[in-house]
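Here is a short briefing to read alongside the sequence and the 3D view. Keep the structure open as you go through the points.

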Amino acid sequence: MTTTWPGEWVAERLGADLRTTQALPGLDLHDLVGLAVRRNPRRAHLLVSNVLGKHVPVDPQIVRGSGRALGELVRRVLDAGAAVGSSEAGSDDSGAQGHDVVDGALARVGQALHEALRAPDDARVVDEFTCAVDSFVDLQHSPACVVMGFAETATALGQCVADALRAPAIHSTRRPVAGFTPVGAFEEEHSHATSHLVLPSDDGFFARRSAGRVVPLVLVDDELSTGRTVLNTIAALHESLPRERYVVATLVDMRNAKDRAAMATRAAELGVQIDVVSLAAGHLDLPSDVLERGQRLVEQVESRASVLRDAGPEQGPESKAAWASGRAHVSTAAPNAARGTITEVDVPWPPRTPLTGRHGVTPAQLAPLTATLPEAATVVAQALPYGDGEVLVLGTEELMDAPLRLACALRERGAATRFSTTTRSPVLAVDDPGYAIRNALTFPAFDDPADGDGPRFTYNVSRETPWRAIVLCVDPPSLTPQLHAPDGVIEVLAACTDRVVVARLPEPATAPARELVGPTFGSYAPEEVTWLLEDLSGVTLEAPTEEREEAIQSGGAHYAESLPVEYQPDAAYGKLFRDALEMSKARVAAAVAAVTELALAERGDDLVLVSLARAGTPVGVLMKRWARQARGLDVSHYAVSIVRGRGIDTVALDHIVARHDASSVLFVDGWTGKGAISRELVAALAEYEQATGVQLDPTLAVLADTGSCTTMWGTRDDFLIPSACLNSTVSGLVSRTVLNDALIGPGQFHGAKFYAELAPHDVSGLFVDAVTGAFPPAADADDIRAEAQARCAAEPPRWTGWATVEKLAEEFGIGSVNLVKPGVGETTRVLLRRVPWKILVAPGAGADLRHIEALAAARGVPTEEYPGLDYSCVGLIHPRFTRGATGDDGTSATRDPKERA
């Protein structure tokens with residue numbers, strides 16, 4: 001049990017006095033921090049956190065638990081509206097607990113953390129702290145906010161706060177990244193490295209809105225000393241995007257009355273509310289000449305250390321006395337120390353999950369870690385030597401959160417684990433129990449920093465601690481020759497343990513997610529639709545239809561990883577399209593008017609259309625046109641990707657909810673078949689809500705609900721919608737969407753191609769213009785709304801389409817329902833881009849199927865009349881493989897049904 005406060009040495013020599021004014025019940029500033037002396041002319045002392053995992057190796061659950069508890073304090077303050085028990089607009093009544101009345105869960109957290117820090121080697125006591133935090137943090141409610149941690153010390157802390165809030169998170173960085181333009185830059189005036197950049201991949205990261213307002217920004221740091229860095233940050237970000245509220249979350253709040261008054265004044269000048277929450281608050285009283293005292297102390301201690309090194313191991317009485325009075329050394333690995341073995345491993349990591357929040361990260365992106373972290377811990381554990389002793393997981397500068405999660409996963413496997421990271425901070429090391437930094441390792445930078453190759457450090461790591469192994473976590477930018485240099489970090493660590501495990505964490509290249517509009521992407525006008533897609537036009541993704549079908553059904557590839565070759569119709573088929581458009585445009589226009597009126601009635605004038613690219617996009621364009629023509633409304637319209645079996649593009653959802661109220665969002669598609677996409681949407685949005693706390697209505701608005709799957713439709717007739725006749729040439733020259741991990745990295749939208757070379761054949765504008773010209777009179781809008789509401793209320797979804805597909809799959813011996821495509825639209829898709837087996841046609845379907853008959857004849861596909869069919873037609877995809885092979889959603893498919901016919 002720790003009894004000596006690791007700040008006594010500094011307090012005695014600098015004349016410092018640490019006082020606690022407010023804290024979680026049972027907690028004290030002396031629990032949370034120790035003291036050291038900086039090698040920094042701007043500031044003499046350093047508050048060394050015992051819960052941050054930066055300078056002091058600590059149980060990783062203490063780090064995560066402290067951050068999550070801090071996040072819960074933020075949630076309580078945000079829920080309270082006007083700050084309760086916290087610093088409102090920088091006033092002087094700062095409260096650590098966030099409530100006037102201390103509840104039992106809060107008291108348990110404070111007391112449990114106190115006990116865990118007094119007995120850091122007792123896993124049982126630490127587990128009790130974790131349980132107390134779990135009972136304290138409310139994961140059922142997520143306030144609308146965004147979180148930013150400060151580099152380098154608070155990158156993991158900020159993410160822990162965001163995890164508790166289930167909020168998007170980002171951290172500032174000192175690493176410029178090609179392709180990213182800073183949205184803000186500010187100075188940390190007292191730091192050894194003062195300049196910070198903010199580099200979100202989503203240009204709307206900070207623009208998230210709720211109830212029409214920009215959501216609060218939560219700024220997270222380990223220590224609030226004067227508040228100047230926070231105010232610099234707020235000023236930089238507020239200039240480009242004003243908001244009403246900021247919350248500052250910090251482990252310890254050390255501001256004095258003058259600092260609090262300065263924050264209150266600045267908040268009033270900006271017209272904002274600034275709240276402050278912390279685990280503990282207080283003051284460090286220092287003499288006026290503390291900078292001079294600190295510099296003299298550094299010189300004295302390093303001079304003594306030099307004398308002792310020169311004296312060698314056989315020291316006389318004077319040297320021993322000097323050592324006793326200074327007890328200092330500034331160490332790298334001892335020159336003659338035995339070198340431990342070095343093992344390198346590649347750690348598995350979800351391909352779309354960033355290692356850090358440098359460019360922003362959402363809860364949905366982090367969700368795959370639940371399944372991957374145990375595997376990652378297993379890979380690292382297999383590289384550890386047998387035996388007793390603790391394992392140190394060492395992050396590197398800003399790379400803190402991923403190593404922290406890995407350390408927690410190792411601990412859950414039963415390994416005694418500690419966590420800390422390398423740092424840029426130059427700190428004096430003094431080998432005394434009353435000093436926070438007992439020893440220091442020094443090595444050159446190994447990640448090619450843009451601001452120079454100055455020394456890097458890690459503290460409180462030496463061979464005196466019986467480390468079973470040290471796990472050094474590195475990201476791709478750190479894999480440089482300096483990493484393995486003779487004086488590099490690996491060699492220095494190898495002198496302190498019998499085994500160094502270099503854990504290589506793979507982070508895919510990240511590019512900013514940017515909106516796309518025509519004419520640079522797609523042939524629709526810029527005001528018609530905003531594509532939330534990555535432009536993959538320069539990538540060859542098309543595969544011959546036969547090869548693609550074989551790969552999909554055999555399970556060798558997912559259908560969304562490639563594209564079919566775009567079908568180009570001949571002149572005769574082109575005439576069929578035009579004839580069909582002329583015949584059906586009034587019918588389509590009536591359905592557009594009806595479904596748009598339903599949408600406006602339910603979502604209001606702030607309606608946000610989110611079409612499912614690409615079949616939904618022409619419908620979204622038409623709905624937007626009806627809203628403008630009939631109601632004078634300019635509704636927003638985005639096109640996003642949804643992939644069966646893999647869900648909806650959560651990066652695109654983040655982008656949308658950052659700019660609009662979630663309650664205004666409506667998803668749009670062309671038609672329903674059996675209802676597979678409806679089901680996919682419901683499941684995907686449930687997962688998104690679970691991960692982010694943002695609730696989006698899964699109701700799907702369609703022109704034709706032929707499968708009886710939704711409550712918002714224009715018609716339930718299975719007739720020809722001309723936009724189903726073609727591929728990209730009727731959908732803005734955009735391909736179907738692509739989700740391929742080799743091309744789409746973290747923070748990026750799903751992809752698609754723009755077939756600009758097909759512009760001579762493009763009829764996208766022809767289609768929407770023809771339907772717009774057939775719109776009913778705007779004066780009829782109220783009647784259209786009333787009739788549509790009455791019809792939908794009288795005909796609730798019955799999911800008849802799914803039942804029909806299951807029946808046909810069984811009858812024709814097809815093991816996967818995804819090889820049965822019901823309705824005119826889906827049958828057309830089968831003929832355009834799959835390998836069809838046969839087409840079932842309802843007797844008397846008539847002119848709606850002329851294009852179907854033409855396509856089937858061109859491809860040599862038989863058509864058969866099928867009495868009693870609930871659709872005009874159904875397309876059956878050729879199931880080529882034996883039972884156990886997979887369909888395009890991973891389900892099994894049977895051998896050629898003709899063998900059973």
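Which residue just after H13 takes a positive phi? That residue is Gly414, with a phi of about 105°. Please keep in mind that this is a predicted model.

**The parallel sheet**
- Five strands make up an open sheet with parallel pairing, and their order is S13-S19-S18-S14-S15.
- At the edges you will find strand S13 (341-346) and strand S15 (417-422), each of which pairs on one side only.
- From one strand to the next, the twist averages 25°.
- Strand S14 (residues 390-396) is joined to S15 by 6 bridges in the parallel sense, and Val391 stands opposite Thr417 of S15.

**Helix H13**
- Helix H13 covers residues 401-412, 12 residues in total, and spans 17 Å from its first C-alpha to its last, close to the expected 16 Å.
- Most of H13 is covered, with 11 of its 12 residues buried.
- The buried residues include the charged Asp401, Arg405 and Arg411, along with Leu404, Leu406 and Leu410.

**Salt bridges within a helix**
- The structure holds 49 salt bridges, and one of them links the side chains of Asp79 and Arg75 at 2.4 Å, N to O.
- Asp79 and Arg75 are 4 residues apart in helix H3 (residues 60-79), so about one helical turn separates them.
- Asp79 is partly exposed at 38% relative accessibility, whereas Arg75 is buried at 10%.
- Lys807 and Glu811 also form a salt bridge, with their closest N and O atoms 3.6 Å apart.
- Lys807 and Glu811 are 4 residues apart in helix H22, which again means about one helical turn.
- Lys807 is partly exposed with a relative accessible area of 47%, and Glu811 is partly exposed at 46%.
- Elsewhere, salt bridges that share partners join Asp59, Asp121, Asp127, Glu390, Arg411 and Arg418 into one network.

- Arg716 forms a salt bridge with Glu795, and the closest N and O atoms are 3.9 Å apart.
- Arg716 sits in the loop between strands S30 and S31, while Glu795 sits in the loop between helices H21 and H22, so the pair ties together parts 79 residues apart in sequence.
- Arg716 counts as buried at 18% relative accessibility, and Glu795 counts as partly exposed at 36%.

Definitions and conventions. Residues are numbered from 1 along each chain as its sequence is written. This is a predicted model: local features need pLDDT of at least 70, side-chain atom pairs count only at pLDDT 80 or more; totals for chains, interfaces and linings use all residues. Side-chain values use heavy atoms; hydrogens and water are left out. Two strands pair if DSSP finds at least two bridges between them. Helices (H or I, at least four residues) and strands (E, at least two) are DSSP runs, numbered from the N terminus. Axes are lines fitted to C-alpha atoms, for helices over the stretch in contact, and angles run from 0 to 180 degrees between N-to-C directions. The expected span of a helix is 1.5 Å times one less than its number of residues. Buried means under 20% relative accessible area, exposed over 50%, partly exposed in between (1.4 Å probe, protein chains only). A salt bridge is a side-chain nitrogen of Lys or Arg within 4 Å of a carboxyl oxygen of Asp or Glu.
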